[in-house]
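Visitor: Could you take me through one part of this structure slowly, as if I were new to all this? I'd like to see how that part sits among its neighbours.

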Amino acid sequence: MNTLVPVITIDGPTASGKGTVAHRVASKLGWGVLDSGALYRLTALAVLQHDVDPSDAHAVAKVAHTLQVEFHPNGVLLANQEVSALIRQEHVGNLASRLAPNPLLREALLARQRAFRAGAGLVADGRDMGTIVFQDANLKIFLVADVLARAQRRCKQLIDKGISANLEDLLADMRERDARDVERAVAPLVPAQDAHVVDSSNLTIEQTVQTILDLWSRV
Ligand code: C5P
């Protein structure tokens with residue numbers, strides 16, 4: 001791991017806007033991005049495609065070890081298949097969240113995540129970026145938003161994409177996922193001790209990005 005490459009971590013619950021914010025902060029700074037959730041989603045998709053038993057911790061970790069992934073500016077390939085849209089499906093995200101407590105899986109993904117620390121800098125988005133993967137990050141953000149605001153955002157995103165969505169179902173699913181991420185024994189979703197908590201419930205994306213850039217300018 002090259003610890004000289006600066007890292008900003010952005011952790012937070014499902015649909016807190018981390019992904020969009022991480023990409024915009026990275027593009028302002030000319031840095032790369034790690035969407036760590038995509039690695040959990042890719043593992044979930046591969047588990048589904050190869051009919052692996054999700055409760056078999058060793059088999060799931062093996063899938064993660066052997067994932068053949070290529071990230072491109074416009075998408076992501078899994079075993080040479082373009083899967084950007086497939087991994088965004090709700091049932092894939094839901095399986096990813098159910099697989100995520102598996103410590104063997106988390107261990108299997110560690111080196112892959114740390115390999116993203118290259119070039120001018122990295123903005124890493126996930127749940128445990130500041131607590132586990134990049135403990136020495138230069139700036140740690142914990143991005144929160146109330147669950148209703150997040151469910152409404154997700155609902156709008158899906159409808160904009162032409163996918164039918166129901167606010168009540170999304171809200172229930174989000175609460176369930178939050179609980180699983182917060183309550184799991186390994187790498188739970190908690191702010192790192194040195195994280196700045198940013199509440200985006202009443203902020204636009206631009207305001208959230210600016211808040212993070214302001215914090216970075218003071219590091
Ligand atoms: O962020 P995203 O919704 O794409 O992540 C999918 C799932 O992967 C999350 O619900 C979470 O359980 C898991 N995850 C994780 N640690 C990360 C990123 C994602 O456990 N660093």
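Guide: Let's start with strand S1, residues 7–11: five of its five residues are buried, so S1 is largely enclosed by the rest of the structure. Buried here means under 20% relative accessible area, while exposed means over 50% and partly exposed is in between, using a 1.4 Å probe and protein chains only. Strands and helices are DSSP runs numbered from the N terminus, with at least two residues (E) for a strand and at least four (H or I) for a helix. Before we go on, keep in mind that this is a predicted model: local features need pLDDT of at least 70, side-chain atom pairs count only at pLDDT 80 or more, and totals for chains, interfaces and linings use all residues. Residues are numbered from 1 along each chain as its sequence is written, and side-chain values use heavy atoms, with hydrogens and water left out.

Now look at which way the side chains go. In a regular strand they alternate between the two faces of the sheet. In S1, Val7, Thr9 and Asp11 point one way, Ile8 and Ile10 point the other way, and all are buried.

Next, the neighbours of S1. Two strands pair if DSSP finds at least two bridges between them. Strand S6 (residues 122–126) runs parallel to S1, and five bridges join them. Thr9 has Ala124 of S6 as its bridge partner, and Asp11 has Gly126 of S6. Strand S7 (residues 139–144) also runs parallel to S1, with four bridges joining the two. There, Ile8 is partnered by Leu139 of S7.

Step back and you'll find five strands in an open sheet, in the order S2-S6-S1-S7-S8, with parallel pairing. Strand S2 (32–35) and strand S8 (196–199) stand at the edges with a single partner strand each, so one side of each has no neighbour in the sheet. From one strand to the next, the twist averages 20 degrees.

What lies across this sheet? Helix H1 lies across S1, S2, S6 and S7, and runs at about 175 degrees to S6. For angles like this, axes are lines fitted to C-alpha atoms (for helices, over the stretch in contact), and the angle between N-to-C directions can run from 0 to 180 degrees.

H1 (residues 18–29) also packs with helix H10 (residues 205–217), at an angle of about 50 degrees and with the axes 9 Å apart. H1 and H10 are therefore oblique to each other. The cut-offs work like this: under 35 degrees is roughly parallel, over 145 roughly antiparallel, 65 to 115 roughly perpendicular, and the rest oblique. On the H1 side, the contact is made by Thr20, Val21, Arg24, Val25, Lys28 and Leu29, and on the H10 side by Ile205, Glu206, Thr208, Val209, Ile212, Leu213 and Trp216. Contact means heavy atoms within 4.5 Å. By class, the contact of H1 with H10 has eight nonpolar, two polar and three charged residues. In that tally, Ala, Val, Leu, Ile, Met, Phe, Trp, Tyr, Cys and Pro count as nonpolar, Asp, Glu, Lys and Arg as charged, and the others, Gly among them, as polar.

Thr208 sits in helix H10, and at 2% relative accessibility it counts as buried. Leaving out residues up to four places away in sequence, Thr208 touches Val21, Leu143, Val198, Ser200 and Leu203. The C-alpha atoms of Thr208 and Phe116 are separated by 24 Å, and these residues are 92 residues apart along the chain.

There's a second sheet to visit, too. Three strands form an open sheet in the order S3-S4-S5, with antiparallel pairing. Its edge strands are strand S3 (69–72) and strand S5 (81–82), each pairing on one side only. Two bridges join strand S4 (residues 75–78) to S5, and Leu78 has Gln81 in S5 as its bridge partner.

Let's finish with two loop residues. Asn80 lies in the loop between S4 and S5, and its phi is near 70 degrees, a positive value in a residue other than glycine. Ala187, in the loop between H9 and S8, has a positive phi as well, near 50 degrees. Are they buried or exposed? Asn80 is exposed, with a relative accessible area of 57%, whereas Ala187 is buried, at 8%.
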